[in-house]
Amino acid sequence: PAKRRRLRRAAGRAGDVMADRALVRNAADPKQVHRAGQREKDREARLRSNLASSLQYPEARYVFAELLDRAGLYATVFDHSGSVMNFKEGRRSFGLEIRALLEAASETLTDQMDRERRSRMRREDAAAEPAPEADV
């Protein structure tokens, strides 16, 4: 469990855009390091809170489901071309980061998003099937 939490935290930080910015001017100053750590924790908490608030709305769940689909989360990355496969895996990797953030914000609403996506796909598939011809 401790290792899993550590990996989850590392995965959550791996995609941070802000991680490239220096949060301290002097890494040897414990006060600056502590404040920087607190700012990073506050930022992550705010992101999770805002995601949880967003997931309350069906429109936001729809948008997140579409983004995850476009990231290739639900498709295979296999391709005959290694470079295409690497590209697809890069997109999918970012989709997995988004998915992890959504689950951290609200597992229940993320599950609801998945149920709504599956239901929408069934409706779209049914609408795409040709209607049976009536006997005349």
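Q: Which side chain does the side chain of Asp-79 make a polar contact with?
A: The side chain of Asp-79 makes a polar contact with the side chain of His-80, at 3.3 Å. A polar contact is a pair of N or O atoms within 3.5 Å, where within protein one must be able to donate a hydrogen and the other to accept it, and residues adjacent in sequence count only if both atoms are side-chain atoms. This is a predicted model, in which local features need pLDDT of at least 70 and side-chain atom pairs count only at pLDDT 80 or more, while totals for chains, interfaces and linings use all residues. Residues are numbered from 1 along each chain as its sequence is written, and side-chain values use heavy atoms, leaving out hydrogens and water.

Q: And which backbone nitrogen does that Asp-79 side chain reach?
A: The side chain of Asp-79 reaches the backbone nitrogen of Ser-81, at 2.9 Å.

Q: Is Asp-79 buried or exposed?
A: Asp-79 is buried, because its relative accessible area is 18%, and buried means under 20%, exposed over 50% and partly exposed in between, with a 1.4 Å probe and protein chains only.

Q: Where is Asp-79 found?
A: Asp-79 sits in the loop between α3 and α4, where helices (H or I, at least four residues) and strands (E, at least two) are DSSP runs numbered from the N terminus.

Q: What forms a salt bridge with Asp-79?
A: Lys-88 does, with the closest N and O atoms 3.7 Å apart; a salt bridge is a side-chain nitrogen of Lys or Arg within 4 Å of a carboxyl oxygen of Asp or Glu. Lys-88 itself is partly exposed, with a relative accessible area of 30%.

Q: Stepping back, how many helices and strands does the protein chain have?
A: The protein chain has five helices and zero strands, and buried residues make up 22% of its 136 residues.

Q: What should helix α2 span at 1.5 Å a residue?
A: Helix α2 has 25 residues (30–54) and should span 36 Å, which agrees with its end C-alpha atoms being 36 Å apart; the expected span is 1.5 Å times one less than the number of residues.

Q: Which residues of α2 are buried, then?
A: Those are Gln-32, Ala-36, Glu-44, Leu-51 and Ala-52. The buried residues of α2 pack against α3 (58–70), α4 (82–105) and α5 (107–128).

Q: What caps the N-terminal end of α2?
A: Asp-29 caps that end, with a side-chain oxygen lying 3.1 Å from the backbone nitrogen of Lys-31.

Q: New topic: which helix does Arg-99 lie in?
A: Arg-99 lies in helix α4, and at 14% relative accessibility Arg-99 counts as buried. Not counting residues up to four places away in sequence, Arg-99 touches Leu-68, Leu-73, Tyr-74, Thr-110, Met-113 and Asp-114, where a contact means heavy atoms within 4.5 Å.

Q: How many residues apart in sequence are Arg-99 and Leu-73?
A: They are 26 residues apart in sequence, and their C-alpha atoms are 8.9 Å apart in space.

Q: Which side chain does the side chain of Arg-99 meet in a salt bridge?
A: The side chains of Arg-99 and Glu-103 meet at 2.9 Å, N to O. Because Arg-99 and Glu-103 are four residues apart in helix α4, about one helical turn separates them. Salt bridges that share partners join Arg-99, Glu-103 and Asp-114 into one network.
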